[in-house]
Amino acid sequence: MEKLIIPEQDIINALCVYISRKKQVKLEEVEIELMYDDDYGFSAEAHVHGRMQVLIMANMIEALRLWLEEFLNRDPFAGIELVLDDEEGIIAIVQ
């Protein structure tokens with residue numbers, strides 16, 4: 001099976017869905033900022049009602065698994081690798 005590449009905007013969308021369900025708020029109330037640090041790797045900040053929550057890579061993978069299963073009808077337990085691409089930003093490669 002060929003690799004699936006999930007673009008940065010879809011990663012943000014997946015995190016918005018994930019946080020909206022966890023916090024029981026509307027999708028429109030969630031803002032996400034993706035980040036990469038050489039020392040700490042991938043993370044994201046979620047902003048809801050003026051409060052900020054840091055999401056670690058495990059949270060991001062969990063959100064992508066939800067996205068794969070519910071929105072792309074793909075195996076949620078496929079291998080997911082986050083990659084920092086010079087042109088595309090942060091993307092996910094699904095095996």
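Here is a short chat about reading a few features of this predicted model.

Trainee: Let's begin with the sheet. What is the order of the strands in the open sheet of 3 strands?

Mentor: The general idea is that strands of a sheet pair through backbone hydrogen bonds, either parallel or antiparallel. Here the order is β1-β6-β5, and the pairing is antiparallel.

Trainee: Which strands stand at the edges?

Mentor: Those are β1 (4-6) and β5 (80-85). Each has a single partner strand, so one side of each is left without a neighbour in the sheet.

Trainee: How many bridges join β5 to β6?

Mentor: There are 6 bridges between β5 and β6 (residues 89-94), and the two strands run antiparallel. If you want a spot to look at, find Leu84, which stands opposite Ile90 in β6.

Trainee: And the helices? Which strands does helix α1 lie across?

Mentor: Helix α1 (residues 8-23) lies across β1, β5 and β6, and it runs at about 80 degrees to β6. Helix α2 (residues 57-71) packs on the sheet as well, touching β1, β5 and β6. The direction of α2 makes about 110 degrees with that of β5.

Trainee: Is Gln24 buried or exposed?

Mentor: Exposed, because its relative accessible area is 72% and the cut-off for that word is over 50%.

Trainee: Where is His49 found, and what is its phi?

Mentor: His49 sits in the loop between β3 (41-48) and β4. Its phi is near 50 degrees, again a positive value in a residue other than glycine. His49 is exposed too, with a relative accessible area of 59%.

Trainee: One last thing, the surface. Which residues form a nonpolar patch there?

Mentor: Met52, Val54 and Ile56 do, with about 280 Å² of accessible area together. Take Met52 as an example: it is found in strand β4 (residues 51-56).

Trainee: Why is Met52 called partly exposed?

Mentor: Because its relative accessible area is 46%, and partly exposed covers the range between the buried limit of under 20% and the exposed limit of over 50%.

Technical notes. Residues numbered from 1 in each chain as written. Predicted model: local features only at pLDDT ≥ 70, side-chain atom pairs only at ≥ 80, totals over all residues. Heavy atoms only, no water. Patch = residues over 30% accessible without salt bridge, like charges linked within 9 Å, V, L, I, M, F, W, Y side chains within 5 Å. Areas by Shrake-Rupley, 256 points an atom, 1.4 Å probe, with all protein chains shown as cover. Salt bridge = Lys/Arg side-chain N within 4 Å of Asp/Glu carboxyl O. Helix = DSSP H or I, 4+ residues; strand = E, 2+ residues; numbered from the N terminus. Buried < 20%, exposed > 50% of the residue type's maximum accessible area, 1.4 Å probe, protein only. Pairing = 2+ DSSP bridges. Contact = heavy atoms within 4.5 Å. Axes fitted to C-alpha atoms, helices over the stretch in contact; angles between N-to-C directions.
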